[in-house]
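Good morning, colleagues. Please turn to the sequence and the structure now being shown, as I would like to guide you through two parts of them.

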Amino acid sequence: MTTMTTPTPPNQNAKKTILFLGATGGVALSALRRSLAAGHTCIALCRTPANLTAQLDHTTWSNLHIIQGDAHDASTLHACLRTPATEDGKEGGRVVDTIVSSLGAKPTWKGISDAHVCEKGMVALLEALRRRRAEDGDGDGDGDAARGKKVVVPRLVAVTSTGISDVARDVPLPLMMLYRALLHTPHADKKAMEGLAVAAGKAGEVEWTFVRGSLYTNGPETEGLVRVGVEDPVKGVVEKEAMGYTISREDVGKWVFEECLEGDGRQWVGKAAILTY
Ligand SMILES: NC(=O)c1ccc[n+]([C@@H]2O[C@H](COP(=O)([O-])OP(=O)(O)OC[C@H]3O[C@@H](n4cnc5c(N)ncnc54)[C@H](OP(=O)(O)O)[C@@H]3O)[C@@H](O)[C@H]2O)c1
């Protein structure tokens, strides 16, 4: 018999509210698990919530808010962007601090299930953010945007991919054939998503970080194996090179958690992080 206990997350003061898109998949699930355990307030938008709860150790996290819906629907996202009220009586309603977007499509015998999954998700997310800002910058009901007051700009951590850089090759030569032959469609989708986020960043709507992993494995998290390259896609500069073949979804999610969610993450704003072993 399995006993289900309700974990008590650490003190939620100074903790973030994070919206996860794609948390039934490996990378976002790894980041979500760690964020829950660290006591952050987590909102997970899922088409099928049971697909998420089946993968969590505990189904009763008090800091987890699961919303059922489609990440291509701006109205659904608009609702997800609001912080929930906390158990200790803090009022909700602000814009979330950070959004982790890790949407992806599934391979099918015809190609992939949704060739524009990331691009459509970004269009909807930016539309939802614009609606929130037009209504009220920080969602506290006092009409900041209308009064010209500075509005809250959330962080966006978008999980994209290696092999799409316009600046430099970040994939070993032997993998290039595979990337070109099999991954052209999802890579075009990721490029479109990144382009939308960069434009929104220039307009002051989000502070983005791109997370570009090499080929994913389902392996466990590791210590000391992950190499991190850094690119500034706007300036077109490689700040640090890292090129490799694989990385586990678990390690990508761990990096997202440690660097962008638990930590301040400011050093990664406007950068693409290349993660590989
Ligand atoms: N495979 C690789 O080697 C590789 C390498 C680098 C980067 N990447 C990219 O990294 C990202 C994360 O990959 P992953 O393997 O961790 O995740 P994944 O297994 O591809 O999961 C994708 C997630 O997106 C969700 N999703 C898709 N469309 C949605 C929609 N319309 N509304 C709501 N949710 C939606 C899925 O939910 P459902 O449960 O509802 O399907 C799932 O949670 C993907 O974009 C992937 O392409 C992959």
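Let us begin with E205, which lies in the loop that links α6, residues 184–202, to β8, residues 207–213. Please bear in mind that this is a predicted model.

Is E205 buried or exposed? Its relative accessibility is 13%, and because the cut-off for a buried residue is under 20%, E205 counts as buried.

What does the side chain of E205 meet there? It forms a polar contact with the side chain of R130, at 3.0 Å.

Which strands pair with β10? One partner is β13, residues 272–276, which pairs with β10 in the antiparallel sense over 5 bridges. Another is β11, residues 237–240, which also runs antiparallel to β10 and is joined to it by 3 bridges.

Towards β13, V230 stands opposite A273; towards β11, V230 stands opposite K240.

Finally, I draw your attention to the hairpin formed by β10 and β11, where 4 residues lie between the strands. In this hairpin, G236 adopts a positive phi near 70°.

Thank you for your attention.

Methods: Residues numbered from 1 in each chain as written. Predicted model: local features only at pLDDT ≥ 70, side-chain atom pairs only at ≥ 80, totals over all residues. Heavy atoms only, no water. Helix = DSSP H or I, 4+ residues; strand = E, 2+ residues; numbered from the N terminus. Buried < 20%, exposed > 50% of the residue type's maximum accessible area, 1.4 Å probe, protein only. Polar contact = N/O pair within 3.5 Å; in protein donor to acceptor, adjacent residues only side chain to side chain. Pairing = 2+ DSSP bridges.
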